[in-house]
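Please look over the model below before reading my notes.

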Amino acid sequence: MEQWIDTAFASAARKFASGAKQAAAQGIIPYKSEGRRYAPSPFDGNSWWTGGFWPGLMWQLYHATGEAVYRDEALRTEELLTRELRAFDLLNHDVGFMYLLSTGAHYRLLGGRQALSDTLHAATLLAGRFNPAGFIRAWPGKDRAGYAIIDCMMNLSLLYWASEQTGDPRFSAIAKIHADTTLREFLRDDGSNCHIVVFDPSTGKVLDRPMGQGYAPGSSWSRGQAWALYGFTLSYINTGEERYLDAALRSARYFISHIREDGLTDSDFCQPKDEERIDNIAGAVAACGLLELSALAPAEESKTFRAAALRLLKAEYDLCADWTDASGGILQKCTASYHDDGAGRHVNILYGDYFFVEALCKLRGTDARLWMARA
């Protein structure tokens, strides 16, 4: 193992041991860092979709180190998230992101009846968003009854986990129906993926494929491509269905072919060449997926995928990581959306740090494997 991997992990552990105390003092679930302090989510309070990544980061560090500071901070933020679970109003399909990495991680690592119950509750809410026309509805609102998005490929892990826990195949069946629809309607012939597909909620007919968070309709938003790469990989791991492995391989090949010369990731792979919009979150998510995929791919591609993951992570480590006390987070130049800077452009966004640390844990053999149906 290359020395920089252990150095990066040790630096992350030191930074977030201090960060856990800072976040607790502020009483928030951190979304991004602003200097040494953290900022909460820009929208919807603690119901914002990214709320699970901070406790997920804490659980990954706790699993790797055994240090109580991370466990205690994960449990503190879990209380804030479970209030949102009970309030319900602002929740959407991203309960997978929110609760598999918080209450689900709690149950996986410590056990506990309430943590199990809360995670199953979240899975039931996600299953309740299933439209029999063949997709999981992304968001609330009367005008968005037919919207589905590529991000949901990651949320499916909550449903696979729920079937494993309960012995009830309905959760996994819903996940596979949605994954099959995504494979058919989101994945393009060249291996790229669109962000949003709008279906007729009564018939399932495709009505539109709008731009979403990418550069333009028909372009390739890099984080959406990373969600597809990692999400289809997880669907294969959690089901053994070969068609998901094929989709993951196609998505991975497209992503790798568009990595920048410096190893970083553009916000959209089709963006104008003179426009610098980098999204290091996309690179970190893709690296996690590529590391998993490298163990599953045909022999001739396995080394290619692992090398690409290391290239992405090393570039982020060398060019965009802040290990000083001046920043509460690590990865700089994270971009939430190509055209809308309201959630952050070229800043530290902490779910990028979650995936960066998860990737380091995979390389070190300490990954808590929070996305897997089986421990």
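1. Some terms come first. Axes are lines fitted to C-alpha atoms, for helices over the stretch in contact, and angles run from 0 to 180 degrees between N-to-C directions. Helices are DSSP runs (H or I, at least four residues), numbered from the N terminus. The model is predicted: local features need pLDDT of at least 70, side-chain atom pairs count only at pLDDT 80 or more, and totals for chains, interfaces and linings use all residues. Residues are numbered from 1 along each chain as its sequence is written, and side-chain values use heavy atoms, with hydrogens and water left out.

2. Take helix H7 (residues 152–166) and helix H8 (residues 169–185). Their axes come within 7 Å and cross at roughly 155°. H7 is therefore roughly antiparallel to H8 (the term covers angles over 145 degrees). The crossing of H7 past H8 is left-handed, that is, the near helix is turned anticlockwise from the far one by less than a right angle.

3. What meets in this pair? From H7, the residues include Met153, Leu156 and Tyr160; from H8, they include Phe171, Ile174 and His178. Contact here means heavy atoms within 4.5 Å. By class, the H7 contact with H8 has 11 nonpolar, five polar and two charged residues. Ala, Val, Leu, Ile, Met, Phe, Trp, Tyr, Cys and Pro count as nonpolar, Asp, Glu, Lys and Arg as charged, and the others, Gly among them, as polar.

4. Val95 is in helix H4 (residues 95–100). Its relative accessibility is 1%, so Val95 counts as buried (under 20% relative accessible area, 1.4 Å probe, protein chains only). Beyond neighbours within four places in sequence, Val95 contacts Leu100, Ala122, Leu126, Asn155 and Leu158.

5. In helix H5 (residues 103–110), Thr103, Gly104, Ala105 and His106 are buried. The buried residues of H5 pack against helix H2 (53–65), helix H3 (68–87), H4 and helix H6 (113–127). Gly111 follows H5 and has a positive phi, near 75°.

6. Now the nonpolar cores, meaning sets of buried Ala, Val, Leu, Ile, Met, Phe, Trp, Tyr and Cys residues joined through side-chain atoms within 4.5 Å. The largest has 120 residues, of which Phe16, Phe355 and Trp371 touch the most other members. Helix H13 (residues 350–364) gives the most to this core, with 10 residues. A second, separate core of five residues includes Ala138, Ile149, Ile196 and Val198.

7. Phe16 deserves a look. Leaving out neighbours within four places in sequence, its contacts include Tyr38, Trp54, Tyr70, Gly328, Leu350 and Asp353.

How values were computed:
Helix = DSSP H or I, 4+ residues; strand = E, 2+ residues; numbered from the N terminus. Buried < 20%, exposed > 50% of the residue type's maximum accessible area, 1.4 Å probe, protein only. Parallel < 35°, antiparallel > 145°, perpendicular 65-115°, else oblique.
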